[in-house]
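This report describes a single protein chain.

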Amino acid sequence: MNGSGIDVSRIKKRIAFCDYLSVAQIFLQDNFLLDTPLDPTDVKPRLLGHWGSCPGINRAYANLKAVFPEMQFILGPGHGFPALQANLYYDGDLHEVCPEATPDKRGLEFLCRRFSWPYGFPSHASPMTPGVISEGGELGYALAAAYGAALGKPEKFIAVLIGDGELETATALASLNLNKLLATSDNGRVLPILHLNGYKISAPTIYGRSSERELMQMLRGFGFDPVVVNGLDIDEFQSALKNLNPHSFIVMKTPKGYGCPKEVDGVKLEGNYASHQVPLPKAKTDRHQLEMLENWLRSYHFKELFHEFAHND
Ligand SMILES: Cc1ncc(C[n+]2csc(CCOP(=O)(O)OP(=O)(O)O)c2C)c(N)n1
């Protein structure tokens, strides 16, 4: 526990659990607990998904949930769906609408196997996702959706995660004005969190290459009270959450794709655009990439976490 009664080790475990599940949904069609060495047949034949956004989503979600268990969470980069889905599974929210998503081995299989699979779950957040009011497949609307959901609902707390690529869109940028119009006591509280991981698909983002001063000045100009947090530092994140005011804006810095292998075939993965989608695209056919995937998956020690989490396993 830290000084504010927050169980930091529980947050860490939740993050590792959801990071593993994000990777597993993208890659695995079998051997979900890694009971045996990873085999090419355990890997999905068509790898479709976005890893790069997931570690940041998992860190934002875990830190927020620890303080605001009843929050409404809006995800701008809907392509980071494996992370959102992992959190919905962890909290049991998915089970409420999807009885097969049970907290046991069968539920784990169901979740992973059906991600980005014909007649299964889409690769992006979708209307099938419990609680979704902004899909995020088309970037830009998250902030507007958040302020809209807060209108006339002073009891609400809404956290909205926006990608730094997303904040380059006209819609997201213009929506920053809503702070001046709608951050009033007759509306709910909106907490925007900019996920500053520096890259979008195949290039750096403007804000990733701006100086911190420039970015802070821009946000202050929109009437926000911005604070920068290192997304990998739970104490720092928690301290920012403890000191919120109606105009708070968190800038969460993470290395894009944090936790994946550092590089493959001479290309930098972690902290680079190359982790945006599937960092090891040849994991099924290339022995070396399969081995890298196995080491990556094992780094989370998921089996122990799952045994603590699962019922009747
Ligand atoms: C309006 C719109 N333009 C382009 C895209 C294509 N697109 C998909 S993901 C992505 C990059 C997003 O980067 P960022 O918002 O920083 O999210 P990250 O994955 O880095 O967390 C883009 C441009 C889109 N989905 N929507």
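The model is predicted: local features need pLDDT of at least 70, side-chain atom pairs count only at pLDDT 80 or more, and totals for chains, interfaces and linings use all residues. Residue numbers start from 1 along each chain as its sequence is written.

**Overall fold**

The chain contains 13 helices and 9 strands; these are DSSP runs numbered from the N terminus, with helices (H or I) of at least four residues and strands (E) of at least two. The chain is as compact as a globular protein of 313 residues, because its radius of gyration is 19 Å, close to the 20 Å from the globule rule. That radius is taken over C-alpha atoms, and the rule is 2.2 Å times the number of residues to the power 0.38. The C-alpha trace spans about 55 × 45 × 40 Å along its principal axes.

Of the 313 residues, 47% are buried. A residue is buried if 20 or more other C-beta atoms lie within 10 Å of its own, exposed if 12 or fewer, and partly exposed in between, with C-beta atoms placed from the backbone. Among contacts with a separation of 6 or more, 70% join residues 24 or more positions apart. Two residues are in contact if their C-beta atoms, placed from the backbone, lie within 7 Å.

**Helix packing**

Two packed helices are described by the angle between their axes and the distance between the axes. Here axes are lines fitted to C-alpha atoms, for helices over the stretch in contact, and angles run from 0 to 180 degrees between N-to-C directions. A crossing is right-handed if the near helix is turned clockwise from the far one by less than a right angle, and left-handed if anticlockwise.

| Helix pair | Axes come within | Crossing angle |
|---|---|---|
| H1 (residues 8-27) and H3 (residues 81-91) | 8 Å | roughly 125° |
| H2 (residues 54-67) and H3 | 8 Å | roughly 35° |

H1 and H3 are oblique to each other; angles under 35 degrees count as roughly parallel, over 145 as roughly antiparallel, 65 to 115 as roughly perpendicular and the rest as oblique. H1 passes H3 in a right-handed crossing. Residues making this contact include Phe 17, Leu 21 and Ile 26 of H1 and Ala 83, Ala 86 and Tyr 90 of H3. By class, the H1 contact with H3 has 9 nonpolar, 4 polar and 1 charged residues. Ala, Val, Leu, Ile, Met, Phe, Trp, Tyr, Cys and Pro count as nonpolar, Asp, Glu, Lys and Arg as charged, and the others, Gly among them, as polar.

The crossing of H2 and H3 is also right-handed. On the H2 side the contact is made by Cys 54, Ile 57, Asn 58 and Tyr 61, which meet Pro 82, Ala 83, Leu 84, Ala 86 and Asn 87 in H3. The contact of H2 with H3 has 7 nonpolar, 2 polar and no charged residues.

**Loop residues**

Most residues other than glycine have a negative phi. Ile 201 has a positive phi, near 45°. This residue lies in the loop between strands E4 (199-200) and E5 (203-204) and counts as exposed, with 12 C-beta neighbours inside 10 Å. His 301 also has a positive phi, of about 50°. His 301 is in the loop between helices H12 (287-298) and H13 (302-309) and is partly exposed, with 13 other C-beta atoms within 10 Å.

Ala 283, in the loop between strand E9 (267-268) and H12, is buried, with 27 C-beta neighbours inside 10 Å. Ala 283 and Val 43 are 240 residues apart in sequence, yet 7.3 Å apart in space, C-alpha to C-alpha. Beyond four places in sequence, Ala 283 is in contact with Phe 27, Val 43, Gln 289, Leu 290 and Leu 293.
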